[in-house]
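Please read the points below alongside the sequence and the model. They are meant for someone who has not looked at this structure before.

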Amino acid sequence: MRASIIAQFVARFILPKSSALKMNKKENSTPVRILQIVSSAYVGSGVLQVVLNWHRRLDRSKVQFDYLFLLPTCHSCQAEIEALGGRVEQLPNIGKNPFRFLKSAVAFFRQHRYLTIHSHITHLNLLFFPLAKFFGAKTIIQHAHGTQYSDKALPALRNRLMLGAVRPLITHQMACSTAAGKFYFGKKFTLVNNAIELEKFTYNPQARAEKRQELGLENLFVIGHIGRFNEQKNHTFLVDTFAEAVKLNPQCVLLLVGSGPLEEKIKAKVRLMGLANKVKFLGARRDTPALLQAFDVFCMPSFYEGLPLAAVEAQAAGLACVLSCGITDESVLLPCSGRLPLEAGPEAWAQRLLTQVCFERKQGIELLKQKGFDISDSALQMQKFYESMPGGTL
């Protein structure tokens, strides 16, 4: 009732009738069109890559995705989505002009009137879900991708309250891991593995040698990390750990793949510690499979994660992963991978990184396939689900 009242108020008073957009006519019953709500579209976004992995493998004559983004869209991501047959919409920045954002959101849902929406965010669903419901949505899916609401106290409280407020509107609950599902929903949810195109990550000694030569890594021990530069990923601890690793093995180098708001801060820390010649900042990359071939071990000291896609990809490439205990134990997919508490400290982490290696890297693909991380299986699971739901637009 409360959510319906919010939607009616916004639709009636925020968007003047004179600016109402023309309603889409009911489209052909095939393909089913699903609206995917994702925070950002940049090359290193793990959540977006999960959704794109489904999109690439779906039978797109039967199921098609459209995307609603909150942050600027990278041109390459938008180009791929459109090549796959999807549509892209980006809302204005809510921080710069909340009224314009609100007006655009109302216009979007009024115009398109999706029957099924799948949200991978939490913080704005108090607006999106009532609007979608008011304009005809029959299926509203909330997807959990983490084991915390945020890495900051106030946003975490906000997200928790917002999820509680819209819970009556959610028709289906999904999660990337059991831990994430229990955190967000309790007992009732559907597990959907963060599956990948396993064949792209098959260990290849020749590709490894070529990439190591390209990056000047011959005869060096490569510690690798892939992740956005934000508080959650804990790059400060990672650099401290690497400093300890260099003391134990001067032939170590650290490769950091990704971008983000804390990148310059971490670069400054690396320079201050005198490690600039041993740490390579590679930025957001599209050649992740090749880069993983060049690594010797993968390190992820995040404060929390649901089931990080980067760790799945690393283990598909046969890499041993040293993960923090803030990351669900479901992320440990190979016998040579393991978790370590952050409280153990950088020295203990450094020792683990230098000794925890996989000797049979080609086994990674088969082991992950057995555990349900083949995108073909996951995409089929999602396609069957979506086909059973109302789709398209009114």
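1. A residue is called buried when its relative accessible area is under 20%, exposed when it is over 50%, and partly exposed in between (1.4 Å probe, protein chains only). By that rule leucine 319 is buried, with a relative accessible area of 1%. Leucine 319 sits in the loop between H12 and S12. From glycine 216 it is 103 residues away in sequence and 20 Å away in space, C-alpha to C-alpha.

2. The model is predicted, so local features need pLDDT of at least 70 and side-chain atom pairs count only at pLDDT 80 or more, while totals for chains, interfaces and linings use all residues. Residues are numbered from 1 along each chain as its sequence is written, and side-chain values use heavy atoms, with hydrogens and water left out.

3. How many helices and strands does the protein chain have? The secondary structure comes to 15 helices and 13 strands, where helices (H or I, at least four residues) and strands (E, at least two) are DSSP runs numbered from the N terminus. The radius of gyration is 22 Å, close to the 21 Å that the globule rule gives for 394 residues, so the protein chain is as compact as a globular protein of that length. That radius is taken over C-alpha atoms, and the globule rule is 2.2 Å times the number of residues to the power 0.38.

4. The C-alpha trace spans about 70 × 40 × 40 Å along its principal axes. Of the 394 residues, 55% count as buried. The protein chain exposes about 17200 Å², and carbon and sulfur atoms supply 54% of that area; accessible areas come from the Shrake-Rupley method with a 1.4 Å probe, and for residues only the protein chains shown count as cover. With contact meaning heavy atoms within 4.5 Å, 71% of the contacts between residues at least 6 apart in sequence join residues at least 24 apart.

5. Seven strands form an open sheet with parallel pairing, in the order S3-S2-S1-S4-S5-S6-S7. Its edge strands are S3 (88-90) and S7 (190-191), each of which pairs on one side only. Two strands pair if DSSP finds at least two bridges between them. Strands S5 (residues 139-144) and S6 (residues 172-175) are parallel and share four bridges; isoleucine 141 has histidine 172 in S6 as its bridge partner.

6. Strand S11 (residues 297-300) is covered on both faces: Val297 and Cys299 on one side, and Phe298 and Met300 on the other, are all buried. Strand S8 (residues 221-226) runs parallel to S11 and is joined to it by two bridges, with isoleucine 223 opposite valine 297. S11 also pairs in the parallel sense with strand S12 (residues 321-324), over three bridges. There, methionine 300 has leucine 323 in S12 as its bridge partner.

7. Which residues of helix H13 (residues 345-355) are buried? Among them are Gly345, Trp349, Ala350 and Leu353. The cover over the buried residues of H13 includes S8, helix H9 (235-248), S11, S12 and strand S13 (338-340).

8. The structure holds zero disulfides, a disulfide being a pair of cysteine sulfur atoms within 2.5 Å. Cysteine 321 is buried at 0% relative accessibility. Its closest cysteine sulfur, in cysteine 336, is 7.7 Å from its own, too far for a bond.
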